[in-house]
Amino acid sequence: MKLNRNAVLKAGLLLVVAVIILKLFCIQIVEHEEWVEKAAAQHTLQNVLLAKRGEIYMMDGDEPVAVVMNATVYTVIVDPMLASEEELPEKLTEVLGEQRIAEWEDVFADKSRRYYVIAKNVERKVAEKVAEADLAGVWLQSDTKRVYPEGTLASTVLGFVNADGVGQYGVEGAMNEELTGVNGLLRTVKDVNNVALSIGGDNIKVPAEDGENIVLTIDRNLQYKVEKILEQQAEELGFKNISALVMDPRTGKVLAMANLPGYDPADFGNVMSAEDYINHVVEDPYEPASVCKTFTFAAGLEYGVMTPEKTFFNENVTYVDGWPIKNSTQKAELVGQISMQTALNWSMNTGSTQVLRWLGGSESEILQQGRERLYDYYYNHFGLGVPTGIELIESPGVVYGPNAEIYGIDSTYANMTFGQNMQVTMIQVASAFSAVVNGGEYFAPTIVAGKVVNGEFVENEQAEAVRRAVSQETSATMREMLYNTRTSFRNNGVDAEGYYVGGKTGTAQMIKDGAYSFDETVATYVGFGGTAGELPEYVIMVRVWEDGKIAGGEAQALPVFNVLKACVQDYLKIKPAGV
Amino acid sequence: MRPQAYTTRRGATMGNWSRNQNTVRHTNKALGSISNFMIIMLLVLIVGLIYVSQGAQATNYDYEISAIEDEIAELEAKKEDLAVERARLTSIAASESSTVASSMEDANVEGYAE
């Protein structure tokens, strides 16, 4: 059969057209999604709009001042393939100075490595000099970092931000979500220069929501003074660890919170131990010891089983479950009928144990009713062993229930009356103590005063009292008892006339290898103060300790309190009565 | 002057109809197919040019916006740096160790401050 050339040509053309149509069908119908994605990848710009991390402020009188901020820093990167081995060291060595982290020989040792970081966290001034040098193969990458204008001030309260941008410890850790904000998204058509174009119907711009600028109730000046005093006292007393808390008992606002030793949050990796990060005021439950007699006696007053004048027979030792409970002061003249005020003055463990017996309706036995009543006040009224809700990372601690299935529940409760066999935090104790002395109302402690929005300070509304912890009468009686305890015999002359200052010491043995150690104790003092005749204006709590050392509430914590008290009194401009 | 595209037959038919005197007759005067095609192509071209010019103008604006946004970001970064510098200079430690503070004498007043 003779083929017609025209027919062959037509058939050939038809075939080619058919193949093209088939290919187009495949591209446009079958592989549609894949090709759309490929095309989009080439002309779509998709950027995450990074939310700016919120700043942290402290109060300076009535004005908030930034203590944690953000700064733009730069990473200097070199491409050894493009950079000049002669020119680069000559021009950048001096500019970068000590910030250079790479040796020039190493940078140029392997030129196939096209990305070499030679300096990190370079500040703008230096980065501008690098840019001005206009060197081939050198570029800058911007980033932000946290900066701390006040240095180490309140480091354990503030916390830090790790390399992944996540807050750790302190306010940074506890309020990470509020501080972080929400990243935005930009997706647009772009041109060859990577410039976002407004053409196209699928452009998306979701603006970033910057993190909140948080204002703390902490007063910068007071915090600084408190930290200086702690440093000085640590040196004088010869103790490594001191924690202190200053709060307003009328509102629950924390005015200062300090821990020694601290650390530099700008150089957070350079610490001797991870324990340096811990805020012992809120994260480290411990046995506060005899300061808890305040709460035991308040419960006794509430149930009407004791008055400051009521007496019991003190032998300087009493037995519970066959275990002896001794007084720390074994004075012969204190044996006999002793008033509860005297028991508090001398911090008698036998006295607080007797209150527990009375709470149960007995003179000589610890009964379930006594345990239940004490627990109700400790746990439900005073919030001991319960997270306070402060805007920090908190440990709850442990307060055993009245029917806890533990060995020697009665002796446990007898110990609890003077703050042992229980674990609570300083913030729990100080908040409960505030409730006892402020007229009886429990305020949840807070460290957040408000926010800075568009440069304006927006203050939080004053929170209401959470509950009534004790009656006004009990509160007044306890203030008087604590005042007497402070002034009766140990501290005459410390407090100036016209001021009303009360407080209680505590010395607890530390648990070492599962048993109470006789070689290591922790000292506590919690006290209140203000103008005589008025409700207290501040509560200060101090804790002193060090591994392997014996610290006493009276010998170590009380002197620190006294210095802090004078400072707080002056700073808050508290007038003596009659002025 | 071009002849009218319609003629009235008013005079001619007046005798026949007493009503309906406004009747007109249209004369078909359509453009040729090439002219139509050219006009359509011209219109398409004009619309295309308008579209391209608008697109180019939008892109120009995008470049301007991009440049302004870069400038804003740069200024904000500078502002932040200045705020940090200010905070450092006014920090308590800096104030305490300043030459002014170091030349001051300690207060020696007992009692409370007012």
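**Notes on the predicted model**

1. Let's start with a loop residue. Ala444(A) sits in the loop that runs between strand E18 (441-442) and strand E19 (448-453) of chain A. Keep in mind throughout that this is a predicted model.

2. Is Ala444(A) buried, exposed or partly exposed? It has 16 C-beta neighbours inside 10 Å, so it counts as partly exposed; being buried would take 20 or more, and being exposed 12 or fewer. Leaving out residues up to four places away in sequence, Ala444(A) touches Gly252(A), Thr388(A), Gly389(A), Ala463(A) and Val466(A). As for Ile427(A), it is 17 residues from Ala444(A) in sequence, with 9.9 Å between the two C-alpha atoms.

3. On to the nonpolar cores. The largest one has 121 residues, and the members with the most contacts inside it are Leu216(A), Ile218(A), Ala244(A), Leu245(A), Val246(A) and Val542(A). Which helix gives the most to this core? That would be helix H16 (residues 426-437) of chain A, with nine residues. Another core, of 14 residues, lies apart from the largest one and includes Val76(A), Val78(A), Ala83(A) and Val122(A). As a general matter, nonpolar side chains in soluble globular proteins tend to be buried together.

4. Val246(A) is a handy place to look inside the 121-residue core. Setting aside residues up to four places away in sequence, Val246(A) touches Leu222(A), Val226(A), Leu255(A), Ala256(A), Tyr538(A), Ile540(A), Leu564(A) and Val568(A).

5. Now the contact between the chains: 24 residues of chain A meet 19 residues of chain B. On the chain A side, the elements giving two or more residues are strand E3 (63-78), strand E9 (196-197), helix H9 (220-237) and helix H18 (553-571). E3(A) supplies the largest share, five residues.

6. How many of the residues of H1(A) are buried? The count is zero, and H1(A) is hardly covered.

7. Last, the domains. The assignment for chain A gives domain 1 as 34-51 + 181-209 and domain 2 as 80-136. Taken over C-alpha atoms, the centres of domain 1 and domain 2 of chain A are separated by 32 Å.

Methods. Residues numbered from 1 in each chain as written. Chains lettered and ligands numbered in written order. Predicted model: local features only at pLDDT ≥ 70, side-chain atom pairs only at ≥ 80, totals over all residues. Contact = placed C-beta atoms within 7 Å. Helix = DSSP H or I, 4+ residues; strand = E, 2+ residues; numbered from the N terminus. Core = buried A, V, L, I, M, F, W, Y, C linked by C-beta atoms within 7 Å. Domains from an automatic or database assignment.
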